[in-house]
Amino acid sequence: MDALAGLLEGPRAKGAFLIRACFDPPWSVRIEDEAPVSVMVMLRGDGWLIPDVGEKLRMRPGEIAIARGPDPYTCADDPGTAPRAVIHPGGRCAAPDGSEMKDYIDLGTRTWGGRTDGEAVMLVGTYQMQGEISARLLDALPPQLVLTKDIVDCALIPLVADEIVRDEPGQAVVLDRLLDLLLIASLRAWFARPEAEPPAWYRALGDPVVGIALRLIQDEPAYAWTVAELAAKAGVSRAALARRFTELVGDPPMAYLTGWRLALAADLLRDTSLTLGAIARKVGYGSPFALSTAFKREYGMSPLEHREG
């Protein structure tokens, strides 16, 4: 499992949802749901993504915005428009004073807002993952960003806009997969930008030698990899791989392997009911004791404490 695939393991376990939001000016929604990441697409009209701290970002039709939680932010037609609704954790919507929401209502199939044919229409996808694997990518993102159409002209957008208002068998699965693809396309486009700061290992995936070793580690973490075997797969000497891997990734191959295994174990502890022994086997440890020792050294707590935390 590579890191982009791992990013999406949390949503599958903990839930992701996609809605269509429709507004007439003036409109403004305060987002306090603490979601780790949300993806927004302006379908019609203009909008603003307004963090409490930092630059206000304009959103135009066809552009994609990503907001990384848990810090709150506001989406509005204009930075000066006061919020008319607040989105709380769990998707609960209330008026700014905490009373029942009256300005915006459920408008039918995955549609919310003032009226279905509002002047401004947004797609909003929210993920609820909280994992060690996902953090390896999300922590490299700025709190908010907007991808203009010259950065990513995503052919998925019309398809998502068409599918979101349909209510057919298997529709939730279709929308989940489309949202996944939209997020991956957005991340890849952002990390290709010169101003982006992707993790060192992400850049190293493009290296013809280190990229092979990284994919082997990420795809088969339970295998008993050695530097010599990784080097043989990459077609270089053991010393050459160790030197180049450390230079590009920032960690030696075996240290990266250990960190990847423990991050997977941390997510499995939170997202599954697998026993510690089963998790140990899935991530390449010979016994629960060996995993527990390594886990406590890395995270400062036992696997049980992490699972219950």
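Predicted model: local features only at pLDDT ≥ 70, side-chain atom pairs only at ≥ 80, totals over all residues.

Trainee: OK, so how many residues does helix 9 have, and what span should they give?

Mentor: Helix 9 covers residues 238–249, which is 12 residues, and they should span 16 Å. The C-alpha atoms at its ends are 16 Å apart, so the model agrees with the expectation.

Trainee: Which residues of helix 9 are buried?

Mentor: L241, F245 and V249 are buried there. Looking down the axis of helix 9, the buried residues fall within an arc of 25°, so they line one face.

Trainee: What do the buried residues of helix 9 pack against?

Mentor: Four helices: helix 6 (200–204), helix 7 (210–219), helix 8 (227–234) and helix 10 (253–271).

Trainee: Is strand 12 buried or exposed?

Mentor: Buried: 8 of the 8 residues of strand 12 are, so the rest of the structure largely encloses it.

Trainee: Which way do its side chains go, then? I mean strand 12.

Mentor: A120, M122, V124 and T126 point one way, while V121, L123, G125 and Y127 point the other, and all of them are buried. In a regular strand the side chains alternate between the two faces of the sheet.

Trainee: How does strand 12 pair with strand 1?

Mentor: Strand 1 and strand 12 (residues 120–127) are antiparallel, over 8 bridges. As landmarks, I19 has V124 as its bridge partner, and L18 has G125.

Trainee: And how many bridges join strand 3 to strand 12?

Mentor: 7 bridges, with strand 3 (residues 37–44) antiparallel to strand 12. M42 is partnered there with M122.

Trainee: Back to strand 1: how many of its residues are buried?

Mentor: 6 of the 8 residues in strand 1 (residues 16–23), so strand 1 is also largely enclosed by the rest of the structure. Strand 1 runs parallel to strand 11 (residues 111–113), and 3 bridges join the two. In that pairing C22 stands opposite G113.

Trainee: What about strand 6 and strand 13?

Mentor: Strand 6 (residues 64–68) pairs with strand 13 in the antiparallel sense, over 4 bridges. I66 stands opposite L145 in strand 13.

Trainee: What's the order in the sheet of 6 strands?

Mentor: That open sheet goes 5-4-7-2-8-9, with mixed pairing. Strand 5 (57–59) and strand 9 (93–94) are at the edges, each with a single partner strand, so one side of each has no neighbour in the sheet. Within it, strand 2 (residues 28–31) and strand 7 (residues 73–76) are antiparallel over 4 bridges, with R30 opposite T74.

Trainee: New topic, then. How many aromatic pairs turn up in the whole structure?

Mentor: A search finds 10. Take W201 and Y202: their ring centres are 6.0 Å apart and their planes are at 70°, so the pair is edge-to-face. W201 and Y202 are both buried.

Trainee: Which residues do ring pairs link into a cluster?

Mentor: F23, W27, Y104 and W112.

Trainee: Last one: where is L175 found, and what is it in contact with?

Mentor: L175 is in helix 5 (residues 171–191) and is buried, at a relative accessible area of 5%. Leaving aside neighbours within four places in sequence, L175 is in contact with L18, R110, E163 and I164. L175 and G125 are 50 residues apart in sequence but 9.7 Å apart in space, C-alpha to C-alpha.

Terms used. Residues numbered from 1 in each chain as written. Heavy atoms only, no water. Buried < 20%, exposed > 50% of the residue type's maximum accessible area, 1.4 Å probe, protein only. Pairing = 2+ DSSP bridges. Phe/Tyr/Trp six-rings, centres within 6.5 Å; stacked < 30°, edge-to-face > 60°. Expected span 1.5 Å × (residues − 1). Arc of directions from axis to C-beta. Contact = heavy atoms within 4.5 Å.
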